[in-house]
Amino acid sequence: MKTIPPPCPEPETGRKYWRSLDHLQDKPEVREWIEREFPDGASLAPDGESRRDWMKIMSASFLLAGMGGLATGCRRPEEELLPFGKQPEGYLHGGYKFFATAVPNRDAATAVLAKWQDGRPIKLEANPLAPGSHGTCACVQAAILDLYDPDRATRHTHKGTDVSAAKVVDALSALSKQFASNSGKGLYILAERSSSPSRNRLQKALKDKLGESVWAEYEPVDLSAGRAATAIAYGPGVRAVVKVGNAKRILSLDADLFGTEQGAAGAMAGYAKHRKPGDEMNRLYVVESLLSITGGQADHRLRVKPSEVLAVAAQVAAAVLKGGPVADKLRGLAASSPASTKWAEECAKDLVAHAGAAVVVAGHRQPLSVHLIAAALNEALEAPGKTLDLVSVPSGGDAVSIPEVVSALNAGSVDTLVILGGNPAYNAPADLKFAEATKKAKNVVRLGYYEDETAAISNWHIAASHFLESWGDARSLNGTVLPVQPLLQPLFGGLTDLEVLARLAGLEQTSPYELTRQTLKDLGADGEEGWKKFLHDGFLANSAYETASVSFKPGAVAAAISGPTSKAEGFEVVLHRDSKVDDGRGLNNGWLQEMPDPITKVTWENVVTVSPKTARDLGLPLEKGTQIPQDQKAHDGQYRQITLRVTVNGVSVEGPVWVQPGLADGVVGLALGYGRTAVGRVGKGSGFNAYPLLTSTGPLVSGAKVEMVTKRALVAVTQEHGLMEGRPVVREANLDEYKKKPDFAKNMDLDGHLSYVPRNPDGSIKNIYQSPYKANPWTKSDINQWAMVVDLGTCTGCSACVVACQAENNIPIVGKGQVSRGREMHWMRIDRYYSYDPNIPASSEVAADDPQMVVQPMLCQHCENAPCESVCPVNATVHDNEGLNVMAYNRCIGTRYCSNNCPYKVRRFNFFDYNKRDNSFADADDHHFMDLTGPLYHGPLGKNRYAEKEWEIVKLVKNPDVSVRMRGVMEKCTFCVQRIEQAKIAVKVQARDSGNVRVPGNMVKTACQEACPAGAISFGNVLDPEASVNALQNDPRNYTVLGFLDNKPRVTYLARIRNPNPAMPDYYASPRSLQDYERIRGENPFEEHGHGGAHGHGDDHGKAGGSGHAAMTGGKGGQI
Amino acid sequence: MPSIFPRWANQFGPKLLVGGGLIGTLATAGVTYYFTPKYTRVGYQPIQPVPFSHRVHSDQLGIDCRYCHNGVEKSWFSNIPAASTCMNCHSLILKDDPRLQLVRDSYQSGTPIPWVQIHKVPDYVYFNHSVHVNRGISCVSCHGQINEMDEVYHAKPLSMSFCLDCHRKPEDNIRPLDKITQLDWKGQVDGKQLVHDWKVQPGESCSVCHR
């Protein structure tokens, strides 16, 4: 008997729980996209080749294959086994080892373990030993791809011609000698910021030897902007390290704590610590202009222009501070705040009530005054020593900034400019005209990882080594000293900055290894044992920055706080750090490029983000019958966006518009780092360059003019990919509601009333999809059974898991054109949903203006009653004995039935041989990853332009324990089966002739789980009572997505709990998605209506719930 | 009315049926015999660069397999020994023998000896030596009587069905752990008991070997 579940009622007034503006309006294109498993034309051959051509190519390949078979007989080709001449000590082929190292980024490094297999590093994981260790961000996961980037600088050059490393060394020695004679006059060094103690030491050594030399540092995105404020408030050399993990109340002033601020992984871990529902649950207030993942997590979010953050900060501070010079100063500033007095006062009251457990964080883009107010607030809230540490930071000496360098260049006083890292020719403030100024220097020497824009203005370009091929050291955010140790010899003979500095200073010791050892000796890692322990542990114990005993200087702070400069007319532009490519350094990294932006879900480029209201004001074309501006989507499901021109002071940039719900009105968001001219093949043609708008005045620009350009551009967006229609797949409630009924999530959707379902005599649900265990119970292992639980309460959507999965499982990148056709290969996607106040009708123009956001990682659910398995004609997707739904790639013939039948839309199909994709093209003008078709693998007779040497490098990043899938094969999350099998083998090898073969519950960690900074993903063997998944599966918040289908997934979710403050004016009694659910379904999950049980009961409770709900809505009306 | 088809056409149908059936049977038989690893792999015996004899080293001298293949208990890969391992003995024994010139050269220069690979499963098969030898499966089960080979040849098909036969009935091959590398051991053991006591569940799921 066929089971027909009751239809999912859709409200006539539109949905309140949506992924994109089109989805909100229920456009026919979105409907079509949902109904098709793959977009229209997905299975067509790429443009330019007809089916006939394909036939020709294919028949030729068959012929060739046949001839090959005849010539070689039926044996496979002969292969050789090449053992060592002399066996290296401790080397075991096929085994892997972990080496502790660190990923440097500006002046805070991440402690990692690099997985080393068969002579090369293949994966980076967080170092669990290091203090405060907690997952990694996406950029750390992707860093390993840079090592094997065939586009990196592979040669040293002098005036464009290749030179040997010896010549470079000679040139550096010559420079050293030249400047030794005049104590360094005319020598300027412009370095990117670094936390390396060795570099600090060498900076000092250089200054000692060449006293007249000038050291400058520059970062286009200055994440340490708050340090100037700390210096004023507490004295120079003091730095504030925020400890979110100790805070119960957090106020963010335009700080994207979990995304683009420094130490995001640590902040997420700390935040997750107190995010479990209960009395100790923390609360997050966010005041911001762009919508960030931090704003998505906020319990209260205030949308203001960037220039208004100061006024809001002042308003809150005025309510917190009782007198004192700072409070006096604030009165005038607070007047212009867009926030209601009640908002600021109640927020302040909540913070004060949690003094000692509250912290205020100001974002790096905000001006000094905001940071000063944050410092004053933290002082008043007794934060120092509790929720933030004031530490004294040793410095390598004075550093000037880039304007001084440029004025020296223009004055002609620079003889030699040495640029260590960075890319100032691309990203220096536009008003400085850095590239032109460098022409006035006699000699420009540059150490860089890529031959980029800055390489073009340098006469010497020295190839830098990757951190995985060099010796060095670094400090984490709190100052703990970390080793940077090589896992292989430099692939292209690159040099490190330490080496260059040592040679410039004319030191005797120039080997980076010896230099680092010397530094560590000074720091206390003494002797052979100390050094070995340092390298083994991956950190130097007790080496964190020392707590500074300083006192707050209210007078100085008050004096330094200044009001906003005269308010300019026009739009405010926010030039922000990109959540993927950072300031441009990650532009040639395919993993980062293809990762959908956590908020916009745009891949491969940047967009001009504006709020829906701004779009309306700009007169962007409106959809008929509604006031919401239309995402400019063409009929084929692809976004073709209108181009906007943003002009400030006569300088303009152009880019495709992106109407971003939740953005502050009158604000234009531009991500930095794209549109580079001298970049490798991956980043070529990606996005537009926003740096021309960045001047010395900082990343917040006002007085911009915005106009439409009659040009459209294709934007590859994944926000509608894998849409699950009309069901409450994400479930959330407020803390108070949760306390009423903790297992409310099990009581939602049809899970709450399964009485309509036909049942077997034994009480189980009649399901057309049957678990193989039911017919053949002996196939179910009684040793290991695997399951995963994802906590939606702590998942911020940062997407580190997506990249970690890509690195672990050899997932190829497909390019922009392919993404726009819905062919991205990520096994894991982060679904981002918006929801808004149900009291606003969808047709209202303000519906999308200020949404709430929820995120949900979606991956193969490993259903026990798997719909995909039943429809596979060749048994390519089957169940294994431990609860995994596995793919046998060799059996798969690519019917894609499984994907069509998957309710979760988590299967991915290899339309082409993406892993063999040709990305070495002869044509310099090709933008291969940007094209709609791109250079896909054209079969054995196609033009395969991969240079053999490059292919050898590209291959190295692959995980040897995972099959590289080919064209025509379906694939999906495997629960990292290679890790499971390795664990099983390890346990069995240890068990030998005993029966202790059960894998301990928490032994296997999937790649996504290991990367997650918030610890939102748990995985384990449910047959071990110790496994943490067991406890989480029994958590009342646990629910199953589409549970009423009786698929019995092995992945379950914990409902998200919000913790809004009832006293706040923008308090909501229920999260909006839940309000919407209640409105549409006419039922209230907090009322018992007999969920999930086998007991039959009438189906009349729906009506009863409906009436109960009506009463509840009435009650709520007053509060909203 | 004249007939359209000639007379012999009457027998065409049956002839086609019989002939087609015969050809089909022959083709099927041919493919199943000649195109399976039992034919294509078993007996493969390439000429190795150094005339190394397992019979001499293992059978006559009694050197344990793990002296040279020392990774077999720890890694998926059973390593071919480095020249330095050979030289442990051959720096004293047969130290000027011309047959060992390549070994000495390799030891001196570090250039690997190009041994020809005989046993190889496809790349999508993740076979693991360590778990087999640590759980009662001897080298002979897959490699045959290596100890009696002067030159190694492919003794078993190592096809998927070969693997599955044992994964379904491990009791036929399991033996006490101290007899793993004793290649000429012919003793009797209650395999079913060992399989039960050690909880041997080799698994027949795809994920056991394919990832």
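A: An axis is a line fitted to C-alpha atoms, for helices over the stretch in contact; angles run from 0 to 180 degrees between N-to-C directions. Helices (H or I, at least four residues) and strands (E, at least two) are DSSP runs, numbered from the N terminus.

The model is predicted: local features need pLDDT of at least 70, side-chain atom pairs count only at pLDDT 80 or more, and totals for chains, interfaces and linings use all residues. Residues are numbered from 1 along each chain as its sequence is written, while chains are lettered from A and ligands numbered from 1 in the order in which they are written.

Start with the helix pair. In chain A, helix α5 covers residues 165–180 and helix α18 covers residues 497–504. Their axes are 7 Å apart, and the packing angle is about 45°. On the α5(A) side, the residues that meet α18(A) are V169(A), L172(A), S173(A), L175(A) and S176(A). On the α18(A) side, they are V500(A), R503(A) and L504(A). Contact here means C-beta atoms, placed from the backbone, within 7 Å.

Next, the three-stranded sheet. Its order in chain A is β10-β15-β21; it is open and antiparallel. Strands β10 (238–242) and β21 (546–547) of chain A each have a single partner strand, so one side of each has no neighbour in the sheet. Strand β15 of chain A, residues 388–392, is joined to β21(A) by two bridges. Pairing needs at least two bridges by DSSP. V391(A) has T547(A) as its bridge partner in β21(A). Helix α7 of chain A, residues 227–234, lies across β10 and β15 of chain A. Its angle to β10(A) is about 115°.

Now the four-stranded sheet. The order is β37-β30-β39-β38 in chain A, open, with mixed pairing. At the edges stand β37 (1017–1021) and β38 (1038–1039) of chain A, each pairing on one side only. Towards β39(A), β30(A) pairs in the parallel sense over four bridges. V789(A) bridges to S1018(A) in β37(A) and to T1052(A) in β39(A). β38(A) and β39(A) are antiparallel, with two bridges. There, Y1039(A) stands opposite Y1053(A).

Finally, the side chains of β39(A), residues 1051–1054. V1051(A) and Y1053(A) point one way; T1052(A) and L1054(A) point the other way. In a regular strand, side chains alternate between the two faces of the sheet. All four residues named are buried, with 20 or more other C-beta atoms, placed from the backbone, within 10 Å of their own.

Notes. Contact = placed C-beta atoms within 7 Å. Buried ≥ 20, exposed ≤ 12 C-beta atoms within 10 Å, placed from the backbone.
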